[in-house]
Amino acid sequence: MRTVPPYRAAPLAAGALLALLCSLAAGAVDSAGMVKTLKGQVNILRAGQTLPVRVGDPVLEGDQLNTGADSSVGITLRDDTLLAAGARSTLEIRHFSFNPTTHDGRLDSNVKRGTLAVISGKIAHAHPEAVQFSTNSLTLGVRGTEFIIDAGEQP
Amino acid sequence: MTLHRPPARLALLALLALLGLLGACAAPQRVILLPAPDGKVGAVEVDSGASHQRVDTAYGGATVPQHGQIGSFKTDAASVERDYGALLAARPPRPVSFVVHFQNGSSTELTPDSAAVVQQILAELARRGAPELIVTGHTDSTGTDDYNDHLSLQRAQTVVDFLSRHGIAAAQMEAVGRGKRDPAVPTANEVAEPANRRVEITIR
């Protein structure tokens with residue numbers, strides 16, 4: 001390992017700080033997707049906090065989206081999966097990972113109540129076994145397609 | 001209903017009570033398979049733990065009760081629109097893609113028709129809420145995977161720079177190198193194919 005003369009340590013430290021800041025900023029790129037459509041009252045439950053939702057907001061792995069009456073939200077995931085949650089719905093993105101170079105990844109999403117419309121994306125195309133949607137009564141495997149899940153009104 | 005036939009009346013009451021109980025239960029959950037805009041139909045595999053069903057026809061569906069076997073049903077476009085029209089309208093617009101090519105032998109100079117593509121991209125961006133551009137470079141099959149991954153990312157970055165010079169914010173673009181994995185024209189390995197040296201710009 002090279003020794004670092006003291007007069008060069010300060011720029012190196014600044015460089016390290018810059019690298020850290022850049023990696024923090026890059027965290028935004030690692031979102032699962034983005035909110036594209038919005039109607040009525042929708043919020044995201046993230047790490048115990050309830051956040052309002054706007055078009056253009058990132059959706060992260062672990063987020064739970066809740067919609068009110070006469071409300072809906074549309075999300076495009078990074079693998080081009082298109083999701084829409086209808087009125088009085090709860091949608092959780094339990095797991096999302098995607099490598100845009102290889103199209104490897106995994107999507108695991110749960111509809112606790114209400115309705116979800118799905119147009120499957122690149123992970124389902126490359127690795128159908130890596131995509132799963134579920135409710136409290138069913139799990140659904142996807143073979144490259146479009147569908148609706150109606151989980152009904154749950155307590 | 002007749003009063004002088006009590007057993008029949010009791011049976012009816014029992015039936016009504018049973019229906020009441022069933023009504024109190026949650027309606028079965030449903031899955032409905034939709035055809036793609038081009039008419040293609042994929043498939044979904046529905047599993048309830050107790051049973052399993054494959055749905056692979058347009059507007060085919062599965063019902064999953066809280067307890068018991070998965071059932072199947074068939075619906076149609078009009079019923080889906082009536083029951084789920086608002087839900088389907090909330091889906092984000094489908095991604096659209098544009099392709100640009102490089103001039104013969106060049107890895108930096110785009111073909112002259114690329115300027116027209118920029119106008120189409122700007123029009124598409126104006127139609128969408130919070131649009132993102134995914135700029136994906138591709139190569140032909142000559143050279144190693146590593147070499148082509150690097151080259152395809154370089155091509156993508158060239159196009160990102162080109163688009164940003166035409167007024168598209170770099171912050172809404174992402175450069176991706178897909179190497180030789182997705183040829184436009186499938187070839188054997190180590191085949192020079194100009195049609196595969198391209199960059200795909202997807203707006204979503």
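## Domains of chain B

Domain bounds here come from an automatic or database domain assignment. On that basis, chain B is split into domain 1, covering 26-89, and domain 2, covering 96-203. The C-alpha centres of domain 1 of chain B and domain 2 of chain B are 38 Å apart.

## Basis of the model

The model is predicted, with local features needing pLDDT of at least 70, side-chain atom pairs counting only at pLDDT 80 or more, and totals for chains, interfaces and linings using all residues. Residues are numbered from 1 along each chain as its sequence is written, while chains are lettered from A and ligands numbered from 1 in the order in which they are written.

## Secondary structure

Helices (H or I, at least four residues) and strands (E, at least two) are DSSP runs, numbered from the N terminus. Chain A has two helices and twelve strands, in the order α-β-β-β-β-β-β-β-β-β-α-β-β-β from the N terminus.

Chain B has four helices and nine strands. Along the sequence of chain B these follow α-β-β-β-β-β-α-β-α-β-α-β-β.

## Burial and contacts

A residue is buried if 20 or more other C-beta atoms, placed from the backbone, lie within 10 Å of its own C-beta. In chain A, 43% of the 155 residues are buried; in chain B, 29% of the 204 residues are.

Two residues are in contact if their C-beta atoms, placed from the backbone, lie within 7 Å. Of the contacts in chain A with a separation of 6 or more, 50% involve residues 24 or more positions apart. For chain B, 56% of the contacts between residues at least 6 apart in sequence join residues at least 24 apart.

Notes: A residue is buried if 20 or more other C-beta atoms lie within 10 Å of its own, exposed if 12 or fewer, and partly exposed in between; C-beta atoms are placed from the backbone.
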